[in-house]
Amino acid sequence: MADITIIGTGNMASGIAARAAIAGKSVQILSRDASSSAALAATVNGTSGTTGSPAEGSIVVLATPFGAAKEVLSSYGSALDGKTIVDITNPVNFETFDSLTVPAGSSAAEELQALVPGASVVKAFNTVFAATLAAGEVSGQTLDVLVAGDDATAASAVVDFIKDAGLRPVNVGPLRRARELEAFQLLVMTLQISDAHPNYNWNSAVKLLP
Ligand SMILES: NC(=O)c1ccc[n+]([C@@H]2O[C@H](COP(=O)([O-])OP(=O)(O)OC[C@H]3O[C@@H](n4cnc5c(N)ncnc54)[C@H](OP(=O)(O)O)[C@@H]3O)[C@@H](O)[C@H]2O)c1
């Protein structure tokens, strides 16, 4: 049985899988394409399958776009009861790059939690860029990974994972803080495509310093 299940095989899935390997965790990769899952799993000596197969990990990372994450949770339903679900999504309107696709006063994380009331959704990793996960640092500074969740045990499991993965977790409070994490990351994302900041280029990080 794997420690962590990652659903998706893209940039974030690859980065988080690599970090899970550093943390000494066994990894299961699931996606809609069996060969993509197998290819990513092979990089971390993990196991693989297609989405819909039983999720083995006590921690399940949704490394897909928000819309797909909703579909995945809806299809698993109560099969994920008791699991810690890590929501890394940024529900950005990519046509305008000017707004979120969730209404004010809500968040992707809260919408996902409503789909799986028997599981505990924790927001994490949405404020770090995939390109920075391999090194785990930017400009010599360890990546901060902001974490929000209502279930203290689930949030603590994610915090421990992040620590073991060589990153710095910062628990920012209850799941509703995901509203600010998602809105803030929209701002950070707009800076990556700003002509005024050509050196950011999806390879920057936000750091909280004491
Ligand atoms: N990239 C970043 O720096 C970054 C940073 C923070 C958070 N995020 C968030 O992380 C999530 C993943 O981003 P990414 O950059 O890793 O994206 P990506 O490289 O495009 O990978 C997306 C993954 O989701 C799968 N997928 C897409 N649509 C799907 C659907 N309808 N049903 C099932 N699977 C689907 C893709 O499968 P196929 O290969 O089969 O299409 C792929 O495995 C997003 O929610 C994003 O907002 C990204």
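**A mixed sheet, its helices and its core**

Ser-78 lies in the loop between helix H3 (66-76) and strand S5. The model described here is predicted. In this model Ser-78 is exposed, because 10 other C-beta atoms lie within 10 Å, and a residue counts as exposed at 12 or fewer. Ser-78 and Pro-117 are 39 residues apart in sequence. In space, their C-alpha atoms are 8.2 Å apart.

The sheet comes next. Eight strands form an open sheet, and their order is S3-S2-S1-S4-S5-S6-S9-S10. The pairing in this sheet is mixed. Strand S3 (47-50) and strand S10 stand at the edges. Each has a single partner strand, so one side of each is left without a neighbour in the sheet. On average, neighbouring strands are turned by 25° against each other, direction ignored. Strands of a sheet pair through backbone hydrogen bonds, either parallel or antiparallel.

Two of the pairings can be followed in detail. Strand S1 (residues 4-7) and strand S2 (residues 27-31) run parallel and are joined by four bridges. Here Ile-7 stands opposite Leu-30 in S2. Strand S9 (residues 144-149) pairs with strand S10 (residues 168-173) in the parallel sense, over five bridges. In this pair, Val-147 stands opposite Asn-171 in S10.

A helix belongs with the second pair. S9, helix H6 (residues 152-164) and S10 make a right-handed β-α-β unit. H6 packs on the sheet. The strands touched by H6 are S4 (59-62), S5 (84-87), S6 (120-123), S9 and S10. The direction of H6 makes about 170° with that of S9.

Helix H2 (residues 34-43) has a buried side. Its buried residues are Ser-37, Leu-40 and Ala-41. Seen down the axis of H2, these residues fall within an arc of 100°, so they line one face of the helix. An α-helix has 3.6 residues a turn, so residues three or four places apart point the same way. The buried residues of H2 pack against helix H1 (11-22), S2 and S3. The face turned away from the buried side carries the exposed residues Ser-35 and Ala-42. Just after H2, Asn-45 takes a positive phi of about 55°.

The largest nonpolar core has 58 residues. Those with the most contacts inside this core are Ile-6, Ile-16, Val-61, Leu-62, Val-86 and Val-158. Ile-6 is in contact with Ala-13, Ile-16, Ala-17, Val-27, Ile-29, Val-61 and Ala-63, leaving aside its neighbours within four places in sequence.

Backbone angles give a further set of results. Most residues other than glycine have a negative phi. Phe-125, a residue other than glycine, has a positive phi near 70°. Phe-125 is placed in the loop between S6 and helix H5 (130-133). Is Phe-125 buried or exposed? With 26 other C-beta atoms within 10 Å, Phe-125 is buried. Asn-201 also is not a glycine, and its phi is positive, at about 45°. Asn-201 is found in the segment after helix H7 (178-192). Asn-201 is exposed, because 12 other C-beta atoms lie within 10 Å.

Technical notes
Residues numbered from 1 in each chain as written. Predicted model: local features only at pLDDT ≥ 70, side-chain atom pairs only at ≥ 80, totals over all residues. Pairing = 2+ DSSP bridges. Helix = DSSP H or I, 4+ residues; strand = E, 2+ residues; numbered from the N terminus. Right-handed = clockwise from strand over helix to strand, strands pointing away. Axes fitted to C-alpha atoms, helices over the stretch in contact; angles between N-to-C directions. Contact = placed C-beta atoms within 7 Å. Buried ≥ 20, exposed ≤ 12 C-beta atoms within 10 Å, placed from the backbone. Arc of directions from axis to C-beta. Core = buried A, V, L, I, M, F, W, Y, C linked by C-beta atoms within 7 Å.
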